[in-house]
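Let us go through some labels used for this structure and ask what stands behind each of them.

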Amino acid sequence: MRTMLDRLFFGRNGIDQLNIALLVLAALCWVASLAVPVRGLANLLHWACLLAAAVFCVRAFSQNLGRRQGENQKFLAMTRGLRLGQSWRVRREQRRQYKIFKCPSCGVKLRVPRGKGKIKVTCRQCGATFEEKS
């Protein structure tokens, strides 16, 4: 089965972040169309679901890789603010493990492990040294 799918998608765009978003949008529209009691709105959501699924299929099987990659990059640029939460979590976790300093001469952020006491920090950018408590 895996070999058959690999052969099917060879030279094609396949699944990228925009296609995943389209698939999620199609699923949400489908569920919403089932849950909405208003018939006109349900029909509208049903057609939105079909449209998102059709665009998903066209993008997945497209052989115009340059254009699809450009579309995906535009989508990633537009949704950058929504995806920043992941890096925020990583930074929060790192702040538990590391102490972050700014170099007094050049302002570059430096991180050192917490719990090492008073240490001498050397800036990688400008070579300045200063003492800080970790």
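Q: Where is leucine 5 found, and why is leucine 5 called partly exposed?
A: Leucine 5 is found in helix H1, a helix being a DSSP run of H or I with at least four residues, numbered from the N terminus. The model is predicted, so local features need pLDDT of at least 70 and side-chain atom pairs count only at pLDDT 80 or more, while totals for chains, interfaces and linings use all residues. Residues are numbered from 1 along each chain as its sequence is written, and side-chain values use heavy atoms, with hydrogens and water left out. Buried means under 20% relative accessible area, exposed over 50%, and partly exposed in between (1.4 Å probe, protein chains only); leucine 5 has 37%, so leucine 5 is partly exposed.

Q: Why is the pair of phenylalanine 9 and phenylalanine 61 called stacked?
A: Rings of Phe, Tyr and Trp (its six-membered ring) pair if their centres lie within 6.5 Å, and planes under 30 degrees apart count as stacked, over 60 as edge-to-face and the rest as tilted. By this rule there are 2 aromatic pairs. In this one the centres are 5.1 Å apart and the planes stand at 10°, so the pair is stacked. Phenylalanine 9 lies in helix H1 and phenylalanine 61 in helix H3 (residues 39-61), 52 residues apart.

Q: What makes phenylalanine 61 partly exposed?
A: Its relative accessibility is 37%, and therefore phenylalanine 61 counts as partly exposed.

Q: How do you know that phenylalanine 101 is buried?
A: Phenylalanine 101 has a relative accessibility of 7%, so this residue counts as buried.

Notes:
Helices (H or I, at least four residues) and strands (E, at least two) are DSSP runs, numbered from the N terminus.
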